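Good morning, and thank you for coming. Please keep the sequence and the picture in view as I speak.

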Amino acid sequence: MKSVTEISAQYSTRTPTLFCFSVDRPDSQQNLLHLCVPEIKLFCPTVPIILVATRSELRDDEGIRKKLATQGYEPISTIEGKALEARIGAYAYLECSAKTKEGVDTALEIISQSALNEKKRRSTVGPAKFCKRPKYYFLLGFHSVEE
Ligand SMILES: Nc1nc2c(ncn2[C@@H]2O[C@H](COP(=O)(O)OP(=O)(O)OP(=O)(O)O)[C@@H](O)[C@H]2O)c(=O)[nH]1
């Protein structure tokens, strides 16, 4: 997963950005909610977020269900995914599995469509600016686009 530092360095303020979590990894959803989303909202508030649930076929995998159950978890459901979409104000919520290919075509279609919509919007409202980067990233030793 790209860090928000990388996103803010490379992307314009309106480039649609994919945030992915894996349905068998409740921690990946928590990382998005508590680390990535607050940062991108702070530094790139106008970036449209497309939320993607990956490895969706693992919801029906008994081995995964059992493993998660021993830790007190279940695979992340569609309802939870949609709740996260609403909570972070995402542009779209998608689910797919690279393994079974389910949802992949739809995901690619919606992602392309959002990029085309953005291109259209840009031609009417002018060019996008780059995201403002937080100063403390310098202290942590990240590269800067200004360097
Ligand atoms: N079950 C399942 N496994 C998948 C799926 N997509 C990817 N994987 C597995 O997930 C692992 C990581 O896949 P990659 O395509 O390398 O994805 P990545 O984002 O580069 O992964 P990381 O390097 O782990 O961050 C591999 O072992 C893949 O086989 C999927 O749809 N279902």
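**The ligand and its surroundings**

Let us begin at the ligand, where a nitrogen atom of the ligand is 2.6 Å from an N or O atom in the side chain of Glu57. Please bear in mind throughout that this is a predicted model. Two further distances concern oxygen atoms of the ligand. An N or O atom in the side chain of Ser97 is 3.4 Å from an oxygen atom of the ligand. With Lys99 it is the backbone that takes part: one of its N or O atoms lies 3.1 Å from an oxygen atom of the ligand. Which residues are around the ligand? They are Arg55, Glu57, Leu58, Ser97, Ala98 and Lys99.

Let us turn to the sheet. In what order do its 3 strands stand? The order is S1-S2-S3, in an open sheet with parallel pairing. Strand S1, residues 17–22, and strand S3, residues 92–95, each have a single partner strand and stand at the edges, so one side of each has no neighbour in the sheet. On average, neighbouring strands are turned by 20° against each other, direction ignored. Strand S2, residues 49–54, pairs with S3 over 4 bridges, in the parallel sense. Here Ile50 stands opposite Ala92 in S3.

Helix H2, residues 26–43, touches S1 and S2, and its direction makes about 160° with that of S1. Helix H4, residues 78–88, touches S1, S2 and S3, and its direction makes about 155° with that of S3.

Within strand S1 we find Ser22. Is Ser22 buried or exposed? Its relative accessible area is 8%, and Ser22 is therefore buried. Leaving aside residues up to four places away in sequence, Ser22 touches Ser28, Thr54, Arg55 and Ile76.

Finally, the cysteines. A disulfide is a covalent bond between the sulfur atoms of two cysteines. How many disulfides does a search of the whole structure find? The search finds 0. For Cys20, the nearest cysteine sulfur is that of Cys96, 7.4 Å away. Cys20 is partly exposed, with a relative accessible area of 33%, whereas Cys96 is buried, with 12%.

Terms used:
Residues are numbered from 1 along each chain as its sequence is written. This is a predicted model: local features need pLDDT of at least 70, side-chain atom pairs count only at pLDDT 80 or more; totals for chains, interfaces and linings use all residues. Side-chain values use heavy atoms; hydrogens and water are left out. Two strands pair if DSSP finds at least two bridges between them. Helices (H or I, at least four residues) and strands (E, at least two) are DSSP runs, numbered from the N terminus. Axes are lines fitted to C-alpha atoms, for helices over the stretch in contact, and angles run from 0 to 180 degrees between N-to-C directions. Contact means heavy atoms within 4.5 Å. Buried means under 20% relative accessible area, exposed over 50%, partly exposed in between (1.4 Å probe, protein chains only). A disulfide is a pair of cysteine sulfur atoms within 2.5 Å. A residue is near a molecule or strand if one of its heavy atoms lies within 4 Å of it. A polar contact is a pair of N or O atoms within 3.5 Å; within protein, one must be able to donate a hydrogen and the other to accept it, and residues adjacent in sequence count only if both atoms are side-chain atoms.
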